[in-house]
Amino acid sequence: MPNDRTRDVAVVGSPSTNTELTVDLLQEATEERLVGALTAFEAVQNGQRITSVGQIVGIELRNRWHEDSVFRNLVKRTGEIPPITNRQDTRTADLVVGATFRQSTHGFDPEVLGMVPPTGTRVYRVDQPLLDRLLEVYRSEIVYLGRAYANDVLYPMWFKHFGGGAGGAGEAYHLGVFGKTGSGKSGLAKMMLCAYARQLEMGILVIDPQGEFSLEFSGTRVGQQGLQLDQVVRGQGRAIHVYRIEDLQLDDWATFEEMVISLRFLEQLAIPSASGENARRAAEVIRGALEGTHNLDNLGTIQVLQAALNAINNPNNAGFIYATRTRAQQLQQRVQRFLNDPQALNQLLTNSWVPICQLFSRGQNRQRLFTFQGQEPGIINMLLGSAGAAGPRPVIVIDISRQGNQRFWSEELQRRIIAKLLNILVSQATSL
Ligand SMILES: Nc1ncnc2c1ncn2[C@@H]1O[C@H](COP(=O)(O)OP(=O)(O)OP(=O)(O)O)[C@@H](O)[C@H]1O
Ligand SMILES: [Mg+2]
């Protein structure tokens, strides 16, 4: 291939460094789309033949006659100067060196470019057979998500696991996908997920605020991409678990207090959640009355509801919730109406109180986010493999979308679950 001059597009020019070369475009290449193209050149370093691959990142045209004011004046009148216009153009491009390989008896080994090739060194377009030969030793590690910009070669990528050792990066990578609506962010994220899914020792947690990944992992395609996300992952022997909010067992009183506000229980008592402080104090009163005397996983009964209402009915507490005396008395009257009317109380129980308590109650198939030793493993334990399971780690999707959670959803609940997940992950990661 190196001697196949038909694909030459440029020669090394000046000034050049070992990381960024100035190359002069050959006449034949001036009409080609070259920005973004993967190109290569050969050189000799320490007596060994090397091949460097790089990307053309920009092209500059110069015609020094056209920069001269006398000629500019002529051009202004005639539009061109036949022997000069176009024919004296020179185009230089910037070539950023990406990877260098040393030729050895068994193929190519990675190398570092520690010199600058002489001017006149031919720069040619990379084709798939050359790329395949260069990357032969990495074949099992490489992932292709698509073709290189302005080339028809498949762009080689690495998605290494974060551990040390073979095929590992030795540290965690943070990747972000940003773009306009509809630009393909989710599509790219799904492809990257497939790439990382090949690293079976990595657990994969998807926090899914739009429900898109939950659908994909349940076998329902979203969009036109045609990537069988669930099948790809299952094909690797990984288990897939999709949890909705109602599958989670929340387990702290602070979240309970928040849910009393954001799932609109207090509005039934005519304390608008939007009024902020009053609702916050009312939730504090309820929590204070129940915490310590009741189990968080068993609050959905009429007795507990009565205890909560009695606490609000207490004149001191009502006065704490509403400083204005008449407002406090109105609140007590409202609460008393529930306490004295079994039918209204039952309705309040079923429609408003139980749905909140269910988030915290035990149940079959309900999982805590995290549990310490001695209890059945929580979701994050499964992910981190502390459950002692051998084999590929699972993919766990937590659907916190409004669509996926018709019964329980509030922005606050969504925010709380994300915060809780992140707290657990951070504390686990730092304790390792
Ligand atoms: N690599 C791909 N190949 C083919 N189609 C794709 C690819 N990536 C995305 N698409 C399709 O293009 C459309 C928009 O992509 P996608 O939903 O990923 O965009 P997005 O940036 O996530 O949008 P939003 O901001 O609305 O979430 C979808 O129909 C998707 O299936
Ligand atoms: Mg999207």
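How far is an oxygen atom of ligand 1 from a polar backbone atom of Q225? The distance is 3.0 Å.

The legends below describe a predicted model, in which local features need pLDDT of at least 70, side-chain atom pairs count only at pLDDT 80 or more, and totals for chains, interfaces and linings use all residues. Residues are numbered from 1 along each chain as its sequence is written, chains are lettered from A and ligands numbered from 1 in the order in which they are written, and side-chain values use heavy atoms, with hydrogens and water left out.

**View 1. The surroundings of ligand 1.** The residues around ligand 1 are K180, T181, G182, S183, G184, K185, S186, G187, M191, G223, Q224 and Q225; a residue belongs here if one of its heavy atoms lies within 4 Å of the ligand. By class, this shell has one nonpolar, nine polar and two charged residues. In this scheme Ala, Val, Leu, Ile, Met, Phe, Trp, Tyr, Cys and Pro count as nonpolar, Asp, Glu, Lys and Arg as charged, and the others, Gly among them, as polar.

**View 2. Backbone contacts of ligand 1 with G182 and Q224.** An oxygen atom of ligand 1 lies 2.9 Å from a backbone N or O atom of G182. For Q224, a polar backbone atom is 2.6 Å from an oxygen atom of the ligand. A polar contact is a pair of N or O atoms within 3.5 Å; within protein, one must be able to donate a hydrogen and the other to accept it, and residues adjacent in sequence count only if both atoms are side-chain atoms. Taken alone, ligand 1 exposes 630 Å², and the protein buries 63% of that. Accessible areas come from the Shrake-Rupley method with a 1.4 Å probe, and for residues only the protein chains shown count as cover.

**View 3. S186 in helix α3.** S186, one of the residues around ligand 1, has its place in helix α3 (residues 185-197). Helices (H or I, at least four residues) and strands (E, at least two) are DSSP runs, numbered from the N terminus. At 26% relative accessibility, S186 counts as partly exposed; buried means under 20% relative accessible area, exposed over 50%, and partly exposed in between (1.4 Å probe, protein chains only). The C-alpha atoms of S186 and V354 are separated by 36 Å, and the two residues are 168 residues apart along the chain.

**View 4. An aromatic cluster of W253, F256, F265, W353 and F360.** The structure holds nine aromatic pairs. One of them joins W253 and F256 edge-to-face, with 5.5 Å centre to centre and 75° between the planes. Rings of Phe, Tyr and Trp (its six-membered ring) pair if their centres lie within 6.5 Å; planes under 30 degrees apart count as stacked, over 60 as edge-to-face and the rest as tilted. W253 and F256 are separated by about one helical turn because they stand three residues apart in helix α6 (residues 253-262). W253 is buried, with a relative accessible area of 13%, and F256 is buried at 0%. F256 also pairs edge-to-face with F360, at 5.5 Å centre to centre and 75° between the planes. This pair links distant parts of the chain, 104 residues apart: F256 is in helix α6, and F360 is in the loop between α12 (342-358) and β13 (367-368). F360 is buried, with a relative accessible area of 0%.

**View 5. Arginines over the rings of W65 and F320.** R64 lies over the face of W65, 4.4 Å from the ring centre. The charged end of R281 sits over the ring of F320, 5.9 Å from its centre. A charge sits over a ring if NZ of Lys or CZ of Arg is within 6 Å of the ring centre and within 35 degrees of the ring normal.

**View 6. Helix α1 and its ends.** Among the 10 residues of helix α1 (residues 69-78), the count of buried residues is zero. D68 caps the N-terminal end of α1, with a side-chain oxygen 2.8 Å from the backbone nitrogen of V70. Just after α1, G79 takes a positive phi of about 85°.

**View 7. Backbone geometry at P15, N46 and N86.** Most residues other than glycine have a negative phi, and most peptide bonds are trans. The peptide bond from S14 to P15 is cis, with omega near -5°, and P15 lies in the loop between β1 (8-12) and β2 (20-25). N46 is not a glycine but has a positive phi of about 50°; N46 lies in the loop between β3 (38-45) and β4 (48-62) and counts as exposed at 75% relative accessibility. N86 has a positive phi near 70°, is found in the loop between α1 and β5 (90-104), and counts as exposed at 55% relative accessibility.
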